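Good morning, everyone. Please take a look at the structure on the screen, and then I will walk you through it.

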Amino acid sequence: MRSDTAAGGALAYVGSYVIKSYNNFDNFLEDKYTLIPAAIIITVGVVMFIIGTVGCCATLRESKVGLSFFLMILLAMFAAEVAALVFAFIYQGRIKGDLEQSMSDVFQKYDGENSETRAVDYLQSQLQCCGVQTYMNWTTTPWFSSSNNTVPISCCKRNNTECTGKLDQPDLLNTQGCEVKLEQLLQDVMSYAMLVILGFAIIKFFGMLSVCVITCKSGRRTGYQALYV
């Protein structure tokens with residue numbers, strides 16, 4: 001079944017995309033359970049891919065028992081997709097709370113060398129932002145006072161070689177805070193995943209209805225006895 005193989009590959013890709021997006025900024029996220037929906041849809045995707053690759057669906061359609069077994073597989077995948085959708089909806093609403101609790105702590109630990117430094121520099125350079133709510137948040141960090149009252153170079157606008165991190169050059173800095181941008185990015189990723197999960201769940205639902213109809217017709221046919229004259 002090429003369609004099952006393609007669908008399984010698509011689901012696995014979406015799950016991997018969600019995990020990769022979250023892992024890029026995992027220093028700023030306290031709740032690692034946000035990856036549960038991605039893990040579920042990857043599992044469902046792998047199952048669908050295997051079913052499509054083996055091509056057992058075509059074989060299962062030959063008997064009522066096979067059809068019933070295939071229906072159970074569809075039902076299990078449908079339930080998993082619904083669970084992933086529920087988890088995604090729940091954790092989408094918790095993203096903001098996670099960021100508010102953890103981002104300030106990570107920025108406070110910035111010293112130019114540690115792992116928090118690399119995480120903050122990556123965040124600010126990738127999202128073109130500076131500070132938590134605004135670039136002025138850096139004035140309350142140990143880094144600011146120990147670096148001649150400058151913000152990290154990662155706050156500088158791209159391709160700007162004149163930026164030194166001084167606050168008297170606001171036109172050379174990204175002044176918008178990172179919290180809003182990171183929250184929007186993660187919300188968009190989760191919304192994209194939810195949309196894909198919902199689409200496949202609807203397809204599974206109609207697939208189960210089709211299998212039920214075929215199973216009923218198969219049962220009726222087997223109830224007739226052949227007549228010999």
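Let me begin with a definition: a residue is called buried under 20% relative accessible area, exposed over 50%, and partly exposed in between, with a 1.4 Å probe and protein chains only. By that rule, Cys 156 counts as buried, because its relative accessibility is 8%.

A word on the source. This is a predicted model, where local features need pLDDT of at least 70, side-chain atom pairs count only at pLDDT 80 or more, and totals for chains, interfaces and linings use all residues. Residues are numbered from 1 along each chain as its sequence is written, and side-chain values use heavy atoms, with hydrogens and water left out.

Now the overall picture. The protein has 8 helices and 0 strands. Helices (H or I, at least four residues) and strands (E, at least two) are DSSP runs, numbered from the N terminus. Along the sequence, the pattern reads α-α-α-α-α-α-α-α. There are 229 residues in the protein, and 41% of them are buried. The accessible surface is about 12,700 Å², and carbon and sulfur atoms hold 61% of that. Areas here come from the Shrake-Rupley method with a 1.4 Å probe; for residues, only the protein chains shown count as cover. Next, contacts, meaning heavy atoms within 4.5 Å. Take those with a separation of 6 or more: 72% of them are between residues 24 or more positions apart.

On to the disulfides. A disulfide is a pair of cysteine sulfur atoms within 2.5 Å. How many disulfides does the rule give? The count is 3.

Start with Cys 129 and Cys 178. Their sulfur atoms are 2.1 Å apart. The torsion about their S-S bond is about 95°, so this disulfide is right-handed. The pair links distant parts of the chain, 49 residues apart. Cys 129 is in the loop between helix H6 (115-127) and helix H7 (142-146), while Cys 178 is in helix H8. Cys 129 is buried, at 0% relative accessible area. Cys 178 is buried too, at 0%.

Next come Cys 130 and Cys 155. Here the sulfur atoms are 2.1 Å apart. The torsion is about 80°, so this link is right-handed. It, too, joins distant parts of the chain, 25 residues apart: Cys 130 sits in the loop between H6 and H7, Cys 155 in the loop between H7 and H8. Cys 130 counts as buried at 0% relative accessibility. Cys 155 also counts as buried at 0%.

That leaves Cys 156 and Cys 163. Sulfur to sulfur, they are 2.0 Å apart. Which hand does the link of Cys 156 and Cys 163 have? With -70° about the S-S bond, the link is left-handed. Cys 163 is buried, with a relative accessible area of 8%. Number the bonded cysteines in sequence order, and the pairing is 1-6, 2-3, 4-5.

Now the aromatic rings. Rings of Phe, Tyr and Trp (its six-membered ring) pair if their centres lie within 6.5 Å; planes under 30 degrees apart count as stacked, over 60 as edge-to-face and the rest as tilted. The structure holds 9 such pairs. Why is the pair of Phe 78 and Phe 205 called tilted? The ring centres are 6.2 Å apart and the planes stand at 40°, so tilted is the class. This pair links distant parts of the chain, 127 residues apart: Phe 78 is in helix H4 (residues 64-92) and Phe 205 in helix H8 (residues 178-222). Phe 78 is partly exposed, at 22% relative accessibility. Phe 205 is partly exposed as well, at 38%.

Phe 205 also pairs with Phe 206. That pair is edge-to-face, 5.7 Å centre to centre and 80° between the planes. Is Phe 206 buried or exposed? Phe 206 is exposed, with a relative accessible area of 52%. Elsewhere, ring pairs link Phe 28, Phe 107, Tyr 110, Trp 138 and Trp 143 into a cluster.

Leu 198 lies in helix H8, and counts as partly exposed at 39% relative accessibility.
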